[in-house]
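Please walk me through this protein model.

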Amino acid sequence: MEPFGQALCANCGKETAKAHLTSIHHGIKESRFLCESCLPLADPPVLQDFLAKLQKSICRFCGGKGMTTDPIHGMLVGNEEMRFLCLSCSREYLPLLGERLGAFNAEIGELSQADQMNKLRAAANDIEAHMKKWVIQRDN
Ligand SMILES: [Zn+2]
Ligand SMILES: [Zn+2]
């Protein structure tokens, strides 16, 4: 099982991924994280679909204009439905997520899959609670 939350670009492996794209090939769901510079390499229909969704998206915390996808959502529930973050919220959210998942990846080998999901969910809930408070403070 791959470590959670690396969210590095699947193509170059260097940049932090901006987009979590899913496509169905012959009935098999494929999921890829791509950074901004590698995004044009995605299948045109998948890319267009993603960009159209991004255009219309709103931030799940503050309702601002969506700029990037929320990577943890795809890990928890699959990626049928994407959730988005605005730039301001993503700057608060993504480093926090990285921190929690970094600590988590250190012990991942010792945990059962069910425990891994429980821990991931707990981390997601904590960050969610933090973001709700943070948004209120930011907007006041
Ligand atoms: Zn890349
Ligand atoms: Zn926001």
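**Layout and helix packing**

The protein has four helices and four strands (DSSP runs numbered from the N terminus: helices are H or I with at least four residues, strands are E with at least two). From the N terminus on, the order is β-β-α-β-α-β-α-α.

This is a predicted model: local features need pLDDT of at least 70, side-chain atom pairs count only at pLDDT 80 or more, and totals for chains, interfaces and linings use all residues. Residues are numbered from 1 along each chain as its sequence is written, while chains are lettered from A and ligands numbered from 1 in the order written.

Of the 140 residues, 26% count as buried (20 or more other C-beta atoms, placed from the backbone, within 10 Å of the residue's own).

Now take helix H3 (residues 87–106) and helix H4 (residues 113–138). They pack at an angle of about 155°, with axes 10 Å apart (axes are lines fitted to C-alpha atoms over the stretch in contact; angles run from 0 to 180 degrees between N-to-C directions). H3 and H4 are therefore roughly antiparallel (over 145 degrees). By class, their contact has 11 nonpolar, two polar and four charged residues (nonpolar: Ala, Val, Leu, Ile, Met, Phe, Trp, Tyr, Cys and Pro; charged: Asp, Glu, Lys and Arg; polar: the others, Gly among them).

Which residues of H4 are buried? They are Ala123, Ile127 and Met131. These buried residues pack against H3 (contact means C-beta atoms, placed from the backbone, within 7 Å).

Methods: Parallel < 35°, antiparallel > 145°, perpendicular 65-115°, else oblique. Buried ≥ 20, exposed ≤ 12 C-beta atoms within 10 Å, placed from the backbone. Contact = placed C-beta atoms within 7 Å.
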